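Here is a short report on one protein chain.

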Amino acid sequence: MAVAALAVAGLAHVFFIVRNLQGPGDVAGDVVAQRAKFSFGWSVEGELGLQVVTAGRVLALIAFVVWLYLAHDNFRRRNNPLEWRKIWVILGWFIPVANLFIPSQVVKEVYTRSFPEKAWSSVQLVSLWWVALLVTFVSYTETTEYATGAGATETTVYTPAFLAVVTGVAGIVAAVLGIIIVRRVSAWQDGQADA
């Protein structure tokens, strides 16, 4: 389930890139207001591409955290507890500022402890995944409101193409690396269970 949710998040980022490369639609009318908004985090408002990405992120977050919780719990069931307690597997994603580093540390520990003989050389994979994921949370939208006549207005909201490509590609990279992490840890842990 986590792999499928991460794939959906990756596809949502592809949609985001394509949608924003098209630019804002042409609107006949006079510009009456313009504003720009920069944020770092989840965006529930803005153009359709950003809303699709947010929906993909929510789905991927839920599935990934459930998978991470179960992968973390495998150590407790084997009587081999981890440094990061189970509570941090969930809370680490939601506590402001702490959520910038705790989730990556929990994933690194689960990753390296799942198969220590192989993981030491590729813990950088988790770091790269985390950096790519953080880049996807940079959001900048430009909103323009047009007077289209008879008191009616029309509003366009878009992310400039350069930023859409940078954050979209980072989202695709984060999704692919997340899939690799989930598949590796799951395979390593399944192999340990068989032994």
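## Overall fold

Helices (H or I, at least four residues) and strands (E, at least two) are DSSP runs, numbered from the N terminus. The model is predicted. On that count the chain holds 7 helices and 3 strands. Their order along the sequence is α-β-α-α-α-α-α-β-β-α.

The C-alpha trace spans about 75 × 25 × 25 Å along its principal axes. The chain has 195 residues, and 42% of them are buried. Take the contacts between residues at least 6 apart in sequence: 72% of these join residues at least 24 apart.

## The sheet

The 3 strands form an open sheet in the order S1-S2-S3, and the pairing is antiparallel. Strand S1 (30-40) and strand S3 (152-158) are the edge strands. Each has a single partner strand, so one side of each lacks a neighbour in the sheet. From one strand to the next, the twist averages 15°.

Strand S2 covers residues 138-149. S2 and S3 run antiparallel and are joined by 7 bridges. Within this part of the sheet, Thr144 stands opposite Thr156 of S3.

## Helix H1 against helix H2

Helix H1 (residues 2-21) packs on H2 at an angle of about 165°, and the axes are 8 Å apart. The angle is over 145 degrees, so H1 is roughly antiparallel to H2. H1 passes H2 in a left-handed crossing.

From H1, the contact uses Ala2, Ala5, Leu6, Val8, Ala9, Ala12, His13, Phe15, Phe16 and Arg19. From H2, it uses Leu48, Gly49, Leu50, Val52, Val53, Gly56, Arg57, Leu59, Ala60, Ala63, Phe64 and Trp67. The residues of this H1 and H2 contact divide into 17 nonpolar, 3 polar and 2 charged.

## Helix H2 against helix H4

Helix H2 (residues 48-77) also packs on helix H4 (residues 102-114). Here the angle is about 50°, and the axes lie 10 Å apart. That makes H2 oblique to H4. H2 passes H4 in a left-handed crossing.

On the H2 side, the contact is made by Phe64, Leu68, Ala71, His72 and Phe75. H4 supplies Val106, Val107, Val110, Arg113 and Ser114. The contact of H2 with H4 counts 7 nonpolar residues, 2 polar and 1 charged. Phe64 of H2 takes part in the contact with H1 and in the contact with H4.

How values were computed. Residues numbered from 1 in each chain as written. Predicted model: local features only at pLDDT ≥ 70, side-chain atom pairs only at ≥ 80, totals over all residues. Heavy atoms only, no water. Axes fitted to C-alpha atoms, helices over the stretch in contact; angles between N-to-C directions. Parallel < 35°, antiparallel > 145°, perpendicular 65-115°, else oblique. Left-handed = near helix turned anticlockwise from the far one by under 90°. Contact = heavy atoms within 4.5 Å. Nonpolar A, V, L, I, M, F, W, Y, C, P; charged D, E, K, R; others polar. Pairing = 2+ DSSP bridges. Buried < 20%, exposed > 50% of the residue type's maximum accessible area, 1.4 Å probe, protein only.
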